[in-house]
Amino acid sequence: INPEKISFTLINLKEKEKDHFARQLHKLFPEDNITIFLCKGSSDKNWLDQAMNKSKYVVVNKTDLPIWIDEALPGNKCYEVTAEQSIEETFASINAESSN
């Protein structure tokens, strides 16, 4: 799959975080075609590498994340979701970067 302009790889997000992500996505990109790759944390390495390479943004929750995935994360387009960094704040960072 070759994504269009906007694409995300979501890694290890909890259901609540996925719901927040969907709401924020609809607010910021209501008319755009978007590709989303979902990974729970135990995906095939080759598939995950391809998904991350093809995605414009990688959003990850590192809680209980396998080390091999953490080491493979692309630093330049990776956004971490934590107790301190919500999905909304992550989208604010993405939106600020895309408007520059």
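**View A. Strands β3 and β4 run parallel, joined by three bridges.** The model is predicted: local features need pLDDT of at least 70, side-chain atom pairs count only at pLDDT 80 or more, and totals for chains, interfaces and linings use all residues. Numbering starts from 1 along each chain as its sequence is written, and side-chain values use heavy atoms, with hydrogens and water left out. Strands (E, at least two residues) and helices (H or I, at least four) are DSSP runs, numbered from the N terminus. Two strands pair if DSSP finds at least two bridges between them. Val58 stands opposite Cys78 in β4. On β3, Val58 is also the bridge partner of Thr9.

**View B. Four strands make an open, parallel sheet in the order β2-β1-β3-β4.** β2 and β4 (78–80) are the edge strands, and each pairs on one side only. On average, neighbouring strands are turned by 20° against each other, direction ignored. Axes are lines fitted to C-alpha atoms, for helices over the stretch in contact; angles run from 0 to 180 degrees between N-to-C directions. β1 and β3 run parallel and share four bridges. Leu10 has Val59 of β3 as its bridge partner.

**View C. The side chains of β3 point two ways.** In a regular strand, side chains alternate between the two faces of the sheet. Tyr57 and Val59 point one way from β3, while Val58 and Val60 point the other. All of these are buried, meaning under 20% relative accessible area; exposed is over 50% and partly exposed lies in between (1.4 Å probe, protein chains only).

View D. Rings of Phe, Tyr and Trp (its six-membered ring) pair if their centres lie within 6.5 Å; planes under 30 degrees apart count as stacked, over 60 as edge-to-face and the rest as tilted. Phe8 is buried at 0% relative accessibility, and Phe21 is buried at 3% relative accessible area. Phe37 and Trp47 are also edge-to-face, with centres 6.2 Å apart and planes at 75°. Phe37 belongs to strand β2 (residues 34–39) and Trp47 to helix α2 (residues 45–54), so parts 10 residues apart in sequence are tied together. Phe37 is buried at 9% relative accessibility, whereas Trp47 is partly exposed at 36%. Ring pairs also link Phe8, Phe21, Tyr57, Tyr79 and Phe91 into a cluster.

**View E. The largest nonpolar core holds 14 residues.** A nonpolar core is a set of buried Ala, Val, Leu, Ile, Met, Phe, Trp, Tyr and Cys residues joined through side-chain atoms within 4.5 Å. Phe8, Phe21, Val59 and Phe91 have the most contacts inside this core. At least two of its residues come from each of β1, α1, β3 (57–60) and α4 (87–98). A second, separate core has nine residues, including Ile11, Cys39, Leu48 and Val60.

**View F. Helix α2 lies across β1, β2 and β3.** α2 runs at about 140° to β1. Leu48, Ala51 and Met52 are its buried residues. They cover an arc of only 95° around the axis, so they fall on the same side of α2; the arc is that of the directions from the helix axis to the C-beta atoms. The buried residues of α2 pack against β1, β2, β3 and α3 (67–72). Asn46 and Asn53 are exposed, on the face of α2 turned away from its buried side.

**View G. Which residues does Leu48 touch, beyond those up to four places away in sequence?** They are Thr9, Ile11, Cys39, Trp68 and Ile69. Contact means heavy atoms within 4.5 Å. Leu48 is buried, with 0% relative accessible area. Leu48 and Ile11 are 37 residues apart in sequence, yet 9.2 Å apart in space, C-alpha to C-alpha.

**View H. Thr90 has its place in helix α4.** Thr90 is buried, with 2% relative accessible area. Not counting residues up to four places away in sequence, Thr90 touches Val59, Tyr79, Glu80, Val81 and Gln85.
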